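Q: Could you take me through this model step by step, giving the general idea behind each feature before the case at hand?

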Amino acid sequence: MSEGSIESDKEVGVALALGAIAVVGAVVMFAYPGQLGKAWGFAGAFVFATLAVGAVQLFD
């Protein structure tokens with residue numbers, strides 16, 4: 001029998017999911033009429049983009 005390792009693409013899926021949420025935050029940042037909504041959109045985009053990069057590093 002040959003022994004092999006099974007590699008998972010979990011990091012890609014998690015990064016894509018978090019990246020999609022970051023894109024939604026960026027859209028909110030540009031589309032929301034008030035400054036407070038734009039700030040929350042920026043914060044969401046920044047946090048989820050950071051988590052996407054971290055997920056790739058964590059699962060690698």
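**Reading a predicted model**

A: Ala22 is found in helix H1, where a helix is a DSSP run of H or I with at least four residues, a strand is a run of E with at least two, and both are numbered from the N terminus. This is a predicted model, in which local features need pLDDT of at least 70 and side-chain atom pairs count only at pLDDT 80 or more, while totals for chains, interfaces and linings use all residues. Residues are numbered from 1 along each chain as its sequence is written, and side-chain values use heavy atoms, with hydrogens and water left out.

Q: Is Ala22 buried or exposed?

A: Burial is read from relative accessible area, with buried meaning under 20%, exposed over 50% and partly exposed in between (1.4 Å probe, protein chains only). Ala22 has a relative accessible area of 9% and is therefore buried; its C-alpha atom is separated by 8.8 Å from that of Gly41, which lies 19 residues away along the chain.

Q: At what angle do the axes of H1 and H2 cross?

A: Axes are lines fitted to C-alpha atoms, for helices over the stretch in contact, and angles run from 0 to 180 degrees between N-to-C directions. Here the axes of H1 (residues 10-31) and H2 (residues 35-59) come within 7 Å and cross at roughly 170 degrees. That makes H1 roughly antiparallel to H2, given that angles over 145 degrees count as roughly antiparallel, under 35 as roughly parallel, 65 to 115 as roughly perpendicular and the rest as oblique.

Q: How many helices and strands does the protein have, and what are the dimensions of its C-alpha box?

A: The secondary structure comes to two helices and zero strands, and the C-alpha atoms fill a box of roughly 65 × 15 × 10 Å along the principal axes. The radius of gyration, taken over C-alpha atoms, can be set against a globule rule of 2.2 Å times the number of residues to the power 0.38; a compact globule of 60 residues would have a value near 10 Å, but this protein has 16 Å.
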